[in-house]
Amino acid sequence: MELEKELSDIINDMQGVKIKSFFVRKDKTLIELLIDCQGKVDGALFFLDYQVMIELPKTFPNVLPICRESGTKRNIIDYHHINTHDNLSFCLGTNIEIHDRLKPDYSLKKYIMIVIEFLTIYEYFLKYKSMPVEERSHGDAGTIEGYFSFFKTDDLQGIINLINKDKINNKMRNQQCPCNSRIKFKKCHFDQTKRLLKEKKTRKQMISELPILERNLSRYAKKSI
């Protein structure tokens with residue numbers, strides 16, 4: 001199969017990662033991996049020994065994969081970045097941040113590298129009882145934090161304005177930026193908005209998450225100056 005060959009080529013290029021099993025189902029493909037490699041974060045080196053299952057939807061990349069530990073051995077215990085409500089899947093980041101890291105080609109290799117990074121950070125947490133990276137909250141709060149980081153503003157209404165911008169042209173460059181910064185569009189979010197209109201998958205994800213942003217507007221409302 002084309003997907004299996006693509007995955008084999010990727011794995012052959014990744015030291016310490018092997019395919020244990022590969023199952024094609026109607027709505028998704030199950031890829032079980034053995035991860036036996038080194039991971040490094042914040043200057044600390046760790047030796048990883050994990051067995052994971054990636055559930056790759058048929059609709060990928062419009063719908064992102066999920067990943068969790070598999071097999072009888074469980075290494076990850078009592079960790080706050082495991083989704084207990086979603087079959088103990090790994091919390092790899094917000095949807096918009098994962099989309100941003102996978103584009104433009106949305107390769108499985110990039111996704112596997114994100115999983116390896118997650119496992120490395122967990123090993124760091126076990127050893128040092130602290131996190132080497134900026135954390136995201138769970139639920140709506142984490143999604144919104146991801147947008148704050150992505151757009152580099154904490155004005156939620158301004159972010160909604162930017163996402164709703166469905167067309168852009170050079171005549172708008174000297175207008176005020178929709179993010180409410182009171183800065184000219186060209187010196188603020190013009191280029192980023194222009195790119196987003198071309199990145200269909202990322203924009204589709206943002207549109208799907210607009211209800212989350214809108215229902216939290218009052219919570220994150222900025223005070224008038």
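1. The sulfur of C188 is 3.6 Å from the closest cysteine sulfur, which belongs to C179, and that is too far for a bond. C188 counts as partly exposed, with 27% relative accessibility. The model is a predicted one.

2. C179 has its own closest cysteine sulfur in C177, at 3.5 Å, again too far for a bond. C179 is buried, at 3% relative accessibility.

3. A disulfide would need the two cysteine sulfur atoms within 2.5 Å, so neither the C188 sulfur, at 3.6 Å from that of C179, nor the C179 sulfur, at 3.5 Å from that of C177, forms one. The structure as a whole holds 0 disulfides.

4. Two or more lining residues come from each of β4 (66-69), β6 (89-90), α2 (95-102), α4 (139-151) and α7 (200-215). By class, the lining of the largest pocket divides into 11 nonpolar, 13 polar and 3 charged residues.

5. The second largest pocket has a volume of about 410 Å³. Its lining comprises 17 residues, with L92, G93, I121, V133 and E134 the closest to the centre. The elements that supply two or more residues to this lining are α2 and α3 (108-128). Of these, α3 gives the most, with 4 residues. The lining of the second largest pocket has 9 nonpolar, 2 polar and 6 charged residues.

Notes:
Residues are numbered from 1 along each chain as its sequence is written. This is a predicted model: local features need pLDDT of at least 70, side-chain atom pairs count only at pLDDT 80 or more; totals for chains, interfaces and linings use all residues. Side-chain values use heavy atoms; hydrogens and water are left out. Buried means under 20% relative accessible area, exposed over 50%, partly exposed in between (1.4 Å probe, protein chains only). Ala, Val, Leu, Ile, Met, Phe, Trp, Tyr, Cys and Pro count as nonpolar, Asp, Glu, Lys and Arg as charged, and the others, Gly among them, as polar. On a 1 Å grid over the protein atoms alone, a cavity is a set of points where a 1.4 Å probe fits but cannot get out, and a pocket is an open set with protein on both sides within 12 Å along at least five of seven lines; lining residues have an atom within 4 Å of a point. Grid points are joined across faces, edges and corners, and a volume is the space filled by probe spheres set on the points.
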